[in-house]
Amino acid sequence: MKSQTRTRLIPILLFHLVLITASAGLAADPFQDVTDGIGLNGVGGGYAAWGDYNNDGWVDLTVDGQLWRNDNGKRFTRVKNVAFAGSGIWGDVDNDGDLDFFALGGKVYRNAEGESFKEIEQAIPEMPKSPMNATWADVNGDSFIDLYVTGYEDGGYHPDFLFRNKGDGTFEVIFRGPATPGRGVTACDYDEDGDIDIYVSNYRLVPNALLQNDGSGNLTDVAKYVKVDGDGDLGAWGHTIGSSWGDLDNDGHFDLFVGNFSHPPTYQDRPKFYRNLGKEKDWRFSDLSDDAGLHWQESYASPAIADFDNDGLLDLFFTTVYAGDRSVMYRNKGNWKFENVTADVKVDQPTTYQAAWADFDNDGYVDILNGGRLFKNPGGTNRWLKVRLSAGGKVNRTAFGSQVRVRLGEETLTRQVESATGQGNQNDLTLHFGLGAHDQDVQLEVRWPDGSKQALKDVKTNSIISVEKE
């Protein structure tokens, strides 16, 4: 059956409060801590996962197994009859159109049309010891999302597990990695060959793993073969806690930020900016960390990437976990230069792994949950676009692995629907594009994981669109 695209424009009321500009040296405006006033007092500081579980257009939240419903962007309500077995990630396990939940306690919960959740009995046959993180990825292209879970350490290192979704809500182990101290895990089709690849962040100076997919779900660690100009290979040599994919230079390729914790005074890999050099360079990377502008803190932990000022460039938020260190906001100034604007935005919670982005009030500017506090973005005059994807057929309903590109002049803004970022966190699945001052209609290209492409023309800025593939 021929694929079709449905596009739905969702009108919303806009409130532009203050001008944010990306010009070097100009201050950003402070975010507002709205935690208590919006009903989130008591929310924990553990891993955070944003997901619209009831399909009402307002993204909801889970933290530490608690479910918080977003009531039209004005208030959050604790759903007291739902308690998951710990933190986890959202994904449509059965392709029925609503988000189900996997908890790191080893349980899968089926969503009943946004009304209730029920545990799928014996969905997971066994779990890695000391599981730290998980990501969804349809590794074999059968339209059902599979599950990768990292094993950390407890009396020794433990292997990661890859679970195949059998299509009935249950899973089987099809891959066990080597015993490593795995922490963060995030997925991306970095080589643009139509199948999803997986990057695992390992601690204890153990090299990270880049698991390249052959298209059938067979994963091979190629990190030591993927050369990095200005460095060794993509395995890195650090205490990596979490990593994040994002097109940081708007060339249409997904770059990688590796979030390394590093002790003084001996040399260990500091956090790394790796630029993806694309097909012409055989998907090699270039290490652009030294001149990027990052300042050193010992206990850097979990990164999260988003365009907070809507200037069209993805920015970096980075948590820390030692007393005396603070979370940091780095604004992307272009040309792989980043500016520390933490003192201006006033989002810098200490000792936390929690950092996840979502536009909870649908005003077009992304907000952030950090250290048990929700910080609302002050907004600005820069334009934006939000894209919600839903798939079918050979593509998983959640559209994990799908990529959307927006061409603006000589630049290509690229986003992907991803499951997990950093260590244990999940950003909103709605794709967010900052467009700067561009106020003309734009064109989109959607690349679905089955290899098909769909173009959308005359898409208005400052809008939320839903694109459905059938």
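**Exercise 1.** Classify Arg326 by accessibility, then find which residue meets its side chain in a salt bridge.

*Solution.* Arg326 has a relative accessible area of 36%. That makes Arg326 partly exposed (buried is under 20% relative accessible area, exposed over 50%, partly exposed in between, with a 1.4 Å probe and protein chains only). Its salt-bridge partner is Asp348, at 3.4 Å, N to O (a salt bridge is a side-chain nitrogen of Lys or Arg within 4 Å of a carboxyl oxygen of Asp or Glu). Arg326 sits in the loop between β25 (315-320) and β26 (328-334), Asp348 in the loop between α1 (342-345) and β28 (355-358), so the pair ties together parts 22 residues apart in sequence. Helices (H or I, at least four residues) and strands (E, at least two) are DSSP runs, numbered from the N terminus. Asp348 is partly exposed too, at 23%.

This is a predicted model: local features need pLDDT of at least 70, side-chain atom pairs count only at pLDDT 80 or more, and totals for chains, interfaces and linings use all residues. Residues are numbered from 1 along each chain as its sequence is written, and side-chain values use heavy atoms, with hydrogens and water left out.

**Exercise 2.** Are Asp287 and Lys272 buried or exposed?

*Solution.* Asp287 is buried, at 15%. Lys272 is buried, at 5%. The two form a salt bridge, their closest N and O atoms 2.9 Å apart. Asp287 lies in β23 (residues 285-287) and Lys272 in β22 (residues 272-276), so the pair ties together parts 15 residues apart in sequence.

**Exercise 3.** How many salt bridges does the whole structure hold?

*Solution.* The search finds 24. Among them is Arg204 with Glu153, at 2.6 Å, N to O.
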